[in-house]
Every structure is written in structure tokens, then in C-alpha cells.
Amino acid sequence: MLPFRHHNSHVRKRVKVRGSANLPGTLHEHFLVDQELSAKFESELRIENETRDSESLPANIQEFLDNSAFELEDIPGQEEVALTRTFGDESIRITFSIADLNNVDQEEADQFDSDPALSDEEAADAAETNVQSGGANTKGSINQGRTKGGNFAVAPEDSIAPSDRAEGSYEDPTGGEGGPQEPSFPARLTINIQKAGKGVLQLEAVAQDGEVMIDNIYYFQKPELADAKTAELDWSRRNLYTGPPFGNLDEDLQVLLDRYLDERGVNTALALWIPEYVDWKEQKEYLNWLSNVKSFIDA
């Protein structure tokens, strides 16, 4: 019986030590961190909501959809967005991703990390601009904060009323004369043009600064190879000769293929709209992510 009693006292001693409130990493401290983390997420949510205009689509984004032949396919919580339409006997599907916006941010950060001189030049330019404008705290300065999408959000008290703008000026979301110049980033597009029983013509392109620039053009006799979703289909696709790089084509062919897309609505208006929509959706998804993670921590 003595070994048994000794064993029980050892267990009780271990339980007592494990439950000590004086040790780091205890359950008590764990919940304290939860509370601090939740408060930080709440602060981030409040800041993001204050700088966001509205949950609804901005007027310029909605206007494009109202006047376009394309239909929007956007599933909440997913990065990929699609635009679809028919053109005669063709089914056209354009896909793009909000991940491109975050990739650009990361690439810029990596560039500065790899070349500190760039950071110094940016800092010097910012300082010079600040001096020329009278400093950030001058009467003429505007209180701005950088949004998640990379654009600048102007505080409500510093926004300029329409009546105070110069005559003839207007807010042009494309960055035209009289409007704010939005940062431009490359949005990668996959354009599938399918004809029943004839296969798929697939073009990889980039939408930036109001232009659609084709990188590659492929032809797939089997439509399922254009969007290979299995390892077997992906392997089959890799072994196909799908055509040369777009830049290697005859210049006349390149011009005609640009016109071919333009005729199907893949044009300047679309190239301006896609980066704006990516920016808006990324901000929306970021807010949902903040809310979901906070809810999980609070549960």
C-alpha cells in the first residue's frame, strides 16, 4: 500500500505545480493575451471601417457593370473573380485575382529590402516634398492614411467639397486631368474564348494603366485542358505545343489580336475597371478576415 500512497501524492503534487498561477504560459496569462489580441483586432476593424466609404460598390465600378455585356462572378471569401459573356457563338470567360495586389506590395517590400539605396532615395524625395509643401502639419496639408489596398484615404474633415473645387475639375477615378492619380498595379488576366466543338483560345494578359497587354496565346482542342484542375490534365497540358510567346509573333498578328480582344469588350474600359475592382474587393475581404479572426478569438 505504501507505493500506492506515494504514487497518489506524486500525482497531486504534479497537479498543483501545473496549475500554479505564477508560471509563465498558464491558462490565466493565455486569456489575458486573448483579450489584448481581440482589442487590437477591434481597433484595426474600427480604423478600416472609418476609412472605407461604403459597403456597396462605388458608383464608377457599378456603372461599368450596368453598361457592360459582362456578368460578374464573385464568391465572397475567394480570391478569384470572373467576368463572363457571350459573343456570337463564343463563350468568353475572364478570370483575375485579388492576390495580385498583395503580390505587388510584397514585391515592392522585397525590392527595398534588397536595395537599401532605393529606400534612402524615397525618403529623400518625401522629405523634399514635405519641405516644399510647408510640412505635414501645415494648414494646407491633408490628413491621409494608407488603406489596405494601397490607395490613400482622406479623412472626412479634410475632404474637399465639390463647391470648393476649381471650376471645371472633377474626380476622375481613372486618374485623368482634374482627378486624383491612383496607384497602378498589374492585374493578370486569363481570357478563355470557347466555341462549341472547336476548343478554346486562351490568352494570358496584364491589365495596367488602361491597357490590356497580351503575354501569351494558347490553343486547346480539349476545353478541359484550358483550366486543368487535376494533376493528369495538368500533365497533359504541359506536353502540348500551344504556340510561341506573343512577342515572337509577327507585329501585324499582334495588332490584329489586340483588335480581336477589343472587339469582344476586352478594352481600355475593362483595363481601368479591373484594378479598381481588385482594390475594392481586397479591402472587403480584409475586413471580413479581421472580423472572422476576432470572432474566433472571442469565442
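Analyst: The account below starts with the basis of the values, then moves from the pocket to the elements around it.

The model is predicted, so local features need pLDDT of at least 70 and side-chain atom pairs count only at pLDDT 80 or more, while totals for chains, interfaces and linings use all residues. Residues are numbered from 1 along each chain as its sequence is written, and side-chain values use heavy atoms, with hydrogens and water left out.

The protein has eight helices and eight strands; these are DSSP runs numbered from the N terminus, helices being H or I of at least four residues and strands E of at least two. Of its 299 residues, 29% are buried (under 20% relative accessible area; exposed is over 50% and partly exposed in between, with a 1.4 Å probe and protein chains only).

The second largest pocket holds about 490 Å³ of space. A pocket is an open set of points, on a 1 Å grid over the protein atoms alone, where a 1.4 Å probe fits and protein lies on both sides within 12 Å along at least five of seven lines; lining residues have an atom within 4 Å of a point. Its volume is the space filled by probe spheres set on the points, which are joined across faces, edges and corners. The lining of this pocket has 24 residues, and those closest to the centre are Thr95, Thr190, Asn192, Gln202 and Asp227. Strands E2 (80–87), E3 (90–97), E6 (187–195) and E7 each give two or more residues to the lining. E3 supplies the largest share, six residues.

E2, in turn, runs antiparallel to E1 (residues 71–74), with four bridges joining them (strands pair if DSSP finds at least two bridges between them). Within this pair Asp74 stands opposite Val81. Five residues separate the strands in the hairpin, where Gly77 takes a positive phi near 90°.

Both Asp74 and Val81 are in contact with Lys281, as are Ile75, Gln78, Glu79 and Ile98, leaving aside neighbours within four places in sequence; contact means heavy atoms within 4.5 Å. Lys281 lies in helix H8 and is buried, with a relative accessible area of 1%. Its C-alpha atom is 7.2 Å from that of Ile98, 183 residues away along the chain.

Helix H3 (residues 59–67) also meets E1 and H8 (268–298), against which its buried residues pack. Those buried residues are Ile61, Phe64 and Leu65. They fall within an arc of 95° seen down the axis of H3, so they line one face of the helix; the arc is that of the directions from the helix axis to the C-beta atoms. The face turned away from this buried side carries the exposed residues Ala59, Glu63, Asp66 and Asn67.
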